[in-house]
Amino acid sequence: MTKTIIKAPFKADHVGSLLRPESLKEANENFKAGKISYEELRAVQTKEIERIVDKQIEVGLELVTDGEFRRGWWHLDFMEHLNGFEGYVPEKGLQFHGVETERYDVRNIGKVSFNANHPFIKDFIEFKEIVGDRAVAKQTIPSPNQLFHAGIRNQEVYPNLEDYTQDVIDTYRDVVKAFYDAGCRYLQFDDVYIAGLNAEQLFAFENLSRQELIDLSLHVVNSVLEDKPEDLIITTHLCRGNYRSTWAFEGSYAHIAPTLFAKEKVDGFFLEYDDDRSGDFQPLRHIAKEDGPHVVLGLFTSKFGELEDKELIQARIEEASQFVSKDKICLSPQCGFASTHHGNILTEEEQWNKLAYVVKLSKELLGNE
């Protein structure tokens, strides 16, 4: 039997998260306050997911996500449900540009392994049923590299970084298999960790050199992907932070490109290129020319509602095509619209207008028909 391989990433794509509607925010608050049951909360989530699936299809997207409506954070909800981790409230939040985030994080408390009852698997099965055959159901999860920030590994449980690394790799192999068995054929690793290796001042990393950290990141992801099914598309999104329309750090992709762009065995890179913090396109020259991954240019910002100038987008595409073939270029916003439940500073109408605009320009500028 021939396996059908989807052509993802799509010429018009998006990173994943969508603005939470007021009904969902209210339901979450009422659940936390004990005013409604978990079943009642889940019913509101399902209703809103059904609505945004319809809306994504309406604006012309070939892929849809659940908007990350069943989670509060793009990464922590997933990570804290792996065996060996727990969520907790630290003394401080993370420092973003001009703002400190809400205080919540995860830490390692035991041996790491896949939780066979991980709620994200059930969530995906129900989400895929909502989508049906109308579009491709895309699942987003944090990259395994997100578990390597300094302070997460418990050195009493794992005095040896190599042992921790192997357990994380084995866990994510099981994660990938579980999503595949649940019917997922388009999976995305979100990776702030790797993007952070571009920052001039390294922060919150293990006590290794920059190149050692880059090599470790490559080893982790490629080891996870060793037995990836042929008909499963896996992409990665490299993010410099996205919290209430602010950012965490800046820096081009120059440091990581010779290793990760050249050798990471993903099917596509979602890259932030919406402002000057991202640097130029020269690092794209390291993308393999033959059978290399697609490059999803995040030329549109998810942080604000104004639509980008078409001529500027066209000029940026032409500039990028000097380093990577245009037939491998796709378009998307640079990040999600709500990496956390707080959301970015724009309206839902502006969000949908922007996604429709991405679809429109992908057809006009990349021949996406």
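At roughly what angle do the axes of H5 and helix H7 (residues 210-224) cross, and within what distance do they come? The axes of H5 and H7 cross at roughly 35° and come within 8 Å. Axes here are lines fitted to C-alpha atoms, for helices over the stretch in contact, and angles run from 0 to 180 degrees between N-to-C directions.

This is a predicted model, in which local features need pLDDT of at least 70 and side-chain atom pairs count only at pLDDT 80 or more, while totals for chains, interfaces and linings use all residues. Residues are numbered from 1 along each chain as its sequence is written, and side-chain values use heavy atoms, with hydrogens and water left out.

**Overall composition**

- The chain has ten helices and twelve strands; helices (H or I, at least four residues) and strands (E, at least two) are DSSP runs, numbered from the N terminus.
- Of the 369 residues of the chain, 58% count as buried, a term that means under 20% relative accessible area, with exposed over 50% and partly exposed in between (1.4 Å probe, protein chains only).
- Among contacts (heavy atoms within 4.5 Å) between residues at least 6 apart in sequence, 78% join residues at least 24 apart.

**The sheet**

- An open sheet is formed by six strands in the order S7-S8-S9-S10-S11-S12, with parallel pairing; two strands pair if DSSP finds at least two bridges between them.
- Strand S7 (139-142) and strand S12 (329-333) are the edge strands, each pairing on one side only.
- From one strand to the next, the twist averages 25°.
- Strand S9 (residues 233-238) and strand S10 (residues 268-272) run parallel and are joined by four bridges; His 237 has Phe 270 of S10 as its bridge partner.
- Helix H5 (residues 161-181) lies across S7, strand S8 (186-191) and S9, and runs at about 170° to S7.

**Helix packing**

- H5 passes H7 in a right-handed crossing; a crossing is left-handed if the near helix is turned anticlockwise from the far one by less than a right angle, and right-handed if clockwise.
- The contact between them involves residues of H5 including Leu 161, Ile 169 and Tyr 172, and residues of H7 including Leu 216, His 219 and Val 220.
- Helix H2 (residues 38-58) packs against helix H4 (residues 119-131) at an angle of about 45°, with the axes 10 Å apart.
- H2 and H4 are therefore oblique to each other; angles under 35 degrees count as roughly parallel, over 145 as roughly antiparallel, 65 to 115 as roughly perpendicular and the rest as oblique.
- The crossing of H2 and H4 is right-handed, and among the residues in contact are Arg 42, Ile 49 and Val 53 of H2 and Lys 122, Phe 127 and Ile 130 of H4.

**Individual residues**

- Gln 334 sits in the loop between S12 and helix H10 (348-366) and is buried, with a relative accessible area of 1%.
- A polar atom of the Gln 334 side chain lies 2.7 Å from the backbone nitrogen of Ser 302.
- Most residues other than glycine have a negative phi, and most peptide bonds are trans.
- Glu 68 is not a glycine, yet has a positive phi of about 60°.
- Glu 68 lies in the loop between strand S1 (63-64) and helix H3 (76-79), where Glu 68 is buried with a relative accessible area of 2%.
- The peptide bond from Ala 8 to Pro 9 is cis, with omega near 0°; Pro 9 is found in the segment before helix H1 (22-32).

Notes:
Polar contact = N/O pair within 3.5 Å; in protein donor to acceptor, adjacent residues only side chain to side chain.
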